[in-house]
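Hi everyone, thanks for making time this morning. I'd like to walk you through a structure, so please have a look at the screen.

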Amino acid sequence: MSDEAEPNVPVGRAVVTFARSWQALAAVRSLGRRGVEVIAADEYRLTPGALSRFSSDSFVYPSPATDPDGFAAAIDEAIDRFAPSTGPPLVVLPVHRETYELAQRRERFGDRAVMPIAPSDRIEQVRDKARLVELARQLEIAVPATWMPESSDEIDSIAGQVELPAVVKMRTGSAGVGLEYVDERRELETAFEAIRREHRLAPGRLPIVQQRVAGADYCVGCLFDHGQVRASFTYRNIRTLTEGGPGVVRRTVSAPAAEAAAHRLLEALEWHGAAELDFVWTGEEADEPYLIEVNPRLFSGLFQAIASGLDLPWLLYRLAVDGEIETQGRPQLGVQTETPLLGLLATLREAAESDLSLEDLGSAWAEAKRSLASGEWGEAWNGLLASLDSGLDVEGRLDLLRRLVEERQETLSELMASKDPTAAIGLLYPLAVFLRHGEISTGLLVGATAGEEGEGGGDGS
């Protein structure tokens, strides 16, 4: 991943939203090192994208979750401010839930800027998990057994039909937000009601219930050009921060069955732009991968794609400017990346639960996990350190450290992969969240709070 600009490429401008995220930082670096003037935008000023040496300017917008009209107005003003008078048009690359707000208001912006995203109706068809299940069934794509209760009373009547273990989740929630796992039937109604009340879900938007299928998380990232696949790759989540949360350590793998299913669905929708589809799969050729959800936008594994040889932000930019792109070659397999800090924490968690753990280490970590699940990171971290201190002998600690060092030698960090040290100051954002709230959760990091349906990685991404 060279930091040098490509020769003979027209210099243009692009606005990249949700600049606090690592995928936005990947996009800023991808475009900036090729000479594109990148404007990083977010609800906050101190973000990795805005502080990157590859961004030329930045601005702050109102929350698209709580003030979508104010957000759209800010983008409108930014287009007037940054659209070049000559040369390539201004490209707006929404990264997170801004994609949905901008897709719904596309006519407002006219031809003053190019947004390489799918039409709003296509986005909503796959963003809604209930509608996605129905579409997948029509296309004969495997999905877990799914129940869609229309009222709280209906939970009692379907409880006997639900195959356990199961998961209760919001129709448009992800990143572990609005998601509960249940192992016993008596937990089903409790989980359903807890999600409904916390997120104030109206009839027609009530949670769905799915059987929890066995397998690992496989994520297929795609770039489509008006219904034609132009780039595709698959990565497997080696670790997630919390159960059902987004992946924080990933590896590029071969999964032709999952990619074939992903392409079939997006081709049927005549998709345009980026998308990522989450599957759960055993990895065995005889088994079908189960489609879990679709992220109809740029996704958390964007750096994974770039590191594997598919520079999706640049390809998306060229698609926007040129109107079409050529089909890309296959990615490099075996590439492994991690999300800064979160990947290390997940690695330590796995190590504490491994065979190196003694009985008291396991029980101490179980308590730390409960703290982590409730968002109490400080307590979880202290519990982890205490358990490592009391649960491992000197030889065990050395073995643990040796394994962690060896494993991480070939792992690329999303933060430090480029010569871009000022972006590291963007770590102040999650730290500020911790100081303000006394906790850090994926919901807080992606801006999803009670009363709204959050987006992020997914229970399978």
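Let me start with a question: does R97 count as buried or exposed, going by its relative accessibility? At 13% relative accessibility, R97 counts as buried. By buried I mean under 20% relative accessible area, with exposed over 50% and partly exposed in between, using a 1.4 Å probe and protein chains only.

Before going on, a word on where this comes from. This is a predicted model, in which local features need pLDDT of at least 70 and side-chain atom pairs count only at pLDDT 80 or more, while totals for chains, interfaces and linings use all residues. Residues are numbered from 1 along each chain as its sequence is written, and side-chain values use heavy atoms, with hydrogens and water left out.

Back to R97, then. R97 forms a salt bridge with E101, with 4.0 Å between the closest N and O atoms. A salt bridge here is a side-chain nitrogen of Lys or Arg within 4 Å of a carboxyl oxygen of Asp or Glu. E101 is buried too, with a relative accessible area of 11%.

Next, please find D128 and R205, whose side chains meet in a salt bridge at 3.2 Å, N to O. D128 sits in the loop between helix 6 (120–127) and helix 7 (129–138), and R205 in the loop between helix 9 (186–198) and strand 8, so this pair ties together parts that are 77 residues apart in sequence. Helices and strands are DSSP runs numbered from the N terminus: H or I with at least four residues for helices, E with at least two for strands. D128 counts as buried at 3% relative accessibility, whereas R205 is partly exposed at 28%. R97 and E101 also belong to a network, in which salt bridges that share partners join them with D69 and R105.

How many salt bridges does the structure hold? There are 23. One more of these pairs D57 with R81, the closest N and O atoms being 3.5 Å apart. Since D57 lies in strand 3 (residues 55–60) and R81 in helix 3 (residues 68–82), the pair ties together parts 24 residues apart in sequence. D57 is partly exposed at 30% relative accessibility, and R81 is exposed at 52%.

Now to the strands. Two strands pair if DSSP finds at least two bridges between them. An open sheet of 4 strands has the order 5-8-6-7, with antiparallel pairing. Strand 5 (146–147) and strand 7 (179–182) stand at its edges with a single partner strand each, so one side of each is left without a neighbour in the sheet. Strand 6 (residues 166–169) and strand 8 (residues 208–211) run antiparallel and are joined by 4 bridges; there, V167 stands opposite Q210 in strand 8.

Elsewhere, strand 12 and strand 13 pair in the antiparallel sense over 5 bridges, and E276 has N295 in strand 13 as its bridge partner. Strand 13 is largely enclosed by the rest of the structure, because 5 of its 6 residues are buried. In strand 12 you will find G273, which is buried with a relative accessible area of 1%. The C-alpha atoms of G273 and R230 are separated by 9.8 Å, though these residues are 43 apart along the chain.

Finally, E284 lies in the loop between strand 12 (273–281) and strand 13 (290–295).
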